[in-house]
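Reader: Hi! Could you walk me through this one?
Author: Happy to, let me bring it up.

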Amino acid sequence: MPLLEVRRAIYTYKASDSDELSLNEGDVLYILSSDDPDWLQAKRKPSDSDNGPEQKGVVPANHTELIEPVAQARALYDYETAQDEETTLEEDEIVRIIEQDDPDWYMARTKGG
């Protein structure tokens, strides 16, 4: 499932229903859908110490903020997606880098995303 955006929890939130995801201030969230403007379907970014199941659920939108890009880059070549979490790139397209945690892959936003 493609990500819509990357957000950060700005407040702690305790889930009150089984479809909700509890938040700690500072959690990084991958937004999967936003059908309701007040609630976002999110997946918590896993940490190196996470061994359990993937943590997904709805979170209150007003407890999060959009993470701003840390850099930008220009695509050197066309790239066609091979997996759902990837994005298609066109040569010379400008991408905004959100995360640089992996030396081989960047979390990025394109003009369409």
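Author: What follows is a short chat about a predicted model, going from the sheet to an aromatic pair and then a loop residue.

Reader: Great. In what order do the strands run in the sheet?
Author: The order is β4-β3-β2-β1-β5, in an open sheet of five strands with antiparallel pairing. At the edges are β4 (56–60) and β5 (64–66), each pairing on one side only. From one strand to the next, the twist averages 45 degrees.

Reader: And how many bridges join β2 and β3?
Author: Five bridges, in the antiparallel sense, with β3 covering residues 39–44. Across that pairing, Leu29 stands opposite Arg44 in β3.

Reader: Switching topic: how many aromatic pairs are there in the whole structure?
Author: The search finds one. Tyr13 and Trp39 have ring centres 6.2 Å apart and planes at 70 degrees; over 60 counts as edge-to-face, so that is what this pair is.

Reader: Nice. Which parts does the pair tie together?
Author: Tyr13 is in the loop between β1 and β2 while Trp39 is in strand β3, so the pair links parts 26 residues apart in sequence.

Reader: Are those two residues buried or exposed?
Author: Tyr13 is buried at 15% relative accessible area, whereas Trp39 is partly exposed at 30%.

Reader: Now Asp27, where is that?
Author: Asp27 sits in the loop between β1 (5–9) and β2 (28–36). With 14% relative accessibility, Asp27 counts as buried, because the cut-off is under 20%.

Reader: What does the Asp27 side chain reach?
Author: The backbone nitrogen of Asn24, at 2.9 Å. Beyond its neighbours within four places in sequence, Asp27 contacts Arg7, Arg8, Ala9, Ser22 and Arg44.

Notes
Residues are numbered from 1 along each chain as its sequence is written. This is a predicted model: local features need pLDDT of at least 70, side-chain atom pairs count only at pLDDT 80 or more; totals for chains, interfaces and linings use all residues. Side-chain values use heavy atoms; hydrogens and water are left out. Helices (H or I, at least four residues) and strands (E, at least two) are DSSP runs, numbered from the N terminus. Buried means under 20% relative accessible area, exposed over 50%, partly exposed in between (1.4 Å probe, protein chains only). A polar contact is a pair of N or O atoms within 3.5 Å; within protein, one must be able to donate a hydrogen and the other to accept it, and residues adjacent in sequence count only if both atoms are side-chain atoms. Contact means heavy atoms within 4.5 Å. Two strands pair if DSSP finds at least two bridges between them. Axes are lines fitted to C-alpha atoms, for helices over the stretch in contact, and angles run from 0 to 180 degrees between N-to-C directions. Rings of Phe, Tyr and Trp (its six-membered ring) pair if their centres lie within 6.5 Å; planes under 30 degrees apart count as stacked, over 60 as edge-to-face and the rest as tilted.
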